[in-house]
Each structure stands twice: as structure tokens, then as C-alpha cells.
Amino acid sequence: MNQNNLSRRYFIFLIGIIFNAIGVAITTSANLGTTPISSLPYVLSLAFPYSFGAFTFVFNILLVLGQAALLRKEFQKIQYLQIAATFVFSFFIDMTMLVMNLIPNFHYIQQFAFLIIGCAMLGIGICLEVYANVMYIPGEGLVKAITHRLDKEFGVIKVCFDVSLVTAALVTSIICMDEIAGLREGTIFGALTVGLMARFFIKRLKIIEKWINTEPASKKPADNPMSQTVLEFSTAE
């Protein structure tokens, strides 16, 4: 893979991260619950005086450190770039939340429309990350590490991981606020539809893959200085 190709991959990965952040923020702003992977940071942001993005950043750093602890010498140094990606992700969550807070949200139909738009944005973001294929995102990376250590199916571990996060968010909400906050039908809707939307866009945005893999006519392919990883995704972002 030449340097031009690698640069395109990281560019597409960055755009995917931004789409994911906007998707999470729009979904959350619908006030019908947030996605499973974001449920615990969101509930913490409701219970304590720190932003959704701030808790997301800390939470994802812990996920990266968890990968490193599980994989040890097998953990690729390139995966520490997940921390930089998480900073961008968290920043755009907070910026989008600020914008969404300016939009009146009175009707359930409007809320559900925002939920669908947010899930679609997440689907596009995951699609772009899959095409980029340069590194894991923290949640998927930790699931992959657990899968490797336990020698279990990725899908099974992913479901257990998401259920654990939602359960932790539920318990935290009840303990800190004496009510269930941040978890509603939108959480289930996102878990069931984001993966389907990602598959939909993967099939229809193949032009991005062609653009990434187009070799400049005037240059010969150069060796890729970094080892590649395969980004896996599930039905819950």
C-alpha cells in the first residue's frame, strides 16, 4: 500500500469518526435514549456536572487501556491512536449536542425522526470506518481483545458487552438520580437498526472503497509501514 492510499484511509476514518459523533449526539438529543455503547457516559453526564463528551473521552481511554492490558505484547502500538480518534469523537459529540439543544423538541414524531437520522449517521460512520480499515474503535477493540482471550465468538461477546453497559447505566441512573434516565426505546431501536443501516451503506457506497484503493498512475506501490487491522462492527454502535 502506498503512502497516498494510507493517507486516504486515515482521512476516511476521520470522517467516519465525525459522522459517528454527530450520530450519537443527534440520537441522544431525541430524548428517547442513547446507544448502548454510549449509555454509561451519557447517564454519568446527567448525574454529574461534566459533559457527555468528557465522560465519553475518559470512558473510551479506559477501553483502550483495557485492550492493552488484555493483549499485552500482542497489542499493536498503532492502536494507541484510538485515543486521538476518541478526542475527536468526544469533541464533536459536545459540539453537536450544543447545536441540537437550540432546536425545540416538542413532539414524539419529531423525536423519532431525530432518532432515525442519528442512527443513519451512525450507519454511515461505521461504513466509512470499515472501508478505512486502519484501526479499531475502542468499544469494538475491547470486545475483539476479550474474544481473543476467551476464544469465543465476537458476536456473543459483543452482545454481552452491550448488555453489561446498559445494565451499568441503569444501575448508575437509579443510584445517582433515583430514576431511570437516558435509557428508553431509542436504546433498543439503535441496537437493532444501526448495524442494518451500516450494511445498507456498505453495499451502496463502494465508490469510497474504489477511491481509497485507486493507485496513482505516476507512482509505484510502496510498502505499508504499518500493519493493518480489520475493523469489525456489530448491530450496536
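Trainee: Which pattern does the chain follow, read along the sequence?

Mentor: Along the sequence the chain reads α-α-α-α-α-α-α-α-α. There are nine helices and zero strands. Both kinds of element are DSSP runs numbered from the N terminus, with at least four residues of H or I for a helix and at least two of E for a strand.

Trainee: What should I know before I look further?

Mentor: This is a predicted model, in which local features need pLDDT of at least 70 and side-chain atom pairs count only at pLDDT 80 or more, while totals for chains, interfaces and linings use all residues. Residues are numbered from 1 along each chain as its sequence is written, and side-chain values use heavy atoms, with hydrogens and water left out.

Trainee: How many salt bridges does the structure hold?

Mentor: It holds four salt bridges.

Trainee: What makes Glu 74 and Arg 149 a salt bridge?

Mentor: The term calls for a side-chain nitrogen of Lys or Arg within 4 Å of a carboxyl oxygen of Asp or Glu. The closest N and O atoms of Glu 74 and Arg 149 are 3.4 Å apart, so the pair meets the definition.

Trainee: Why is this pair said to tie parts together?

Mentor: Glu 74 lies in the loop between helix 3 (52-71) and helix 4 (81-100), while Arg 149 belongs to helix 6 (residues 138-150), so the pair joins parts that are 75 residues apart in sequence.

Trainee: Are Glu 74 and Arg 149 buried, partly exposed or exposed?

Mentor: Buried means under 20% relative accessible area and exposed over 50%, with partly exposed in between (1.4 Å probe, protein chains only). Glu 74 has 45% and Arg 149 has 40%, so both are partly exposed.

Trainee: Which residues are linked in a network of salt bridges?

Mentor: Glu 140, Lys 158 and Asp 162 form that network. The closest N and O atoms are 3.2 Å apart for Glu 140 with Lys 158, and 3.3 Å apart for Asp 162 with Lys 158. Glu 140 sits in helix 6 and Lys 158 in helix 7 (residues 154-177), so their bridge ties together parts 18 residues apart in sequence. Asp 162 and Lys 158 both lie in helix 7, four residues apart, about one turn of the helix. Glu 140 and Lys 158 are buried, and Asp 162 is buried as well.

Trainee: Which residues gather in the patch of positive charge?

Mentor: Arg 199, Lys 203, Arg 204, Lys 206 and Lys 210 gather there on the surface. Helix 8 (185-204) and helix 9 (206-213) each give two or more residues, and the largest share, three residues, comes from helix 8.

Trainee: Which residues make the nonpolar surface patch?

Mentor: Val 58, Leu 62, Leu 65 and Tyr 80 make a patch of about 370 Å². Leu 65, in helix 3, is partly exposed at 45%.

Trainee: What share of the 237 residues counts as buried?

Mentor: Of the 237 residues, 49% count as buried.

Methods:
Patch = residues over 30% accessible without salt bridge, like charges linked within 9 Å, V, L, I, M, F, W, Y side chains within 5 Å. Areas by Shrake-Rupley, 256 points an atom, 1.4 Å probe, with all protein chains shown as cover. Lys, Arg positive; Asp, Glu negative; His and termini not counted. Charge placed at Lys NZ, Arg CZ, Asp CG, Glu CD.
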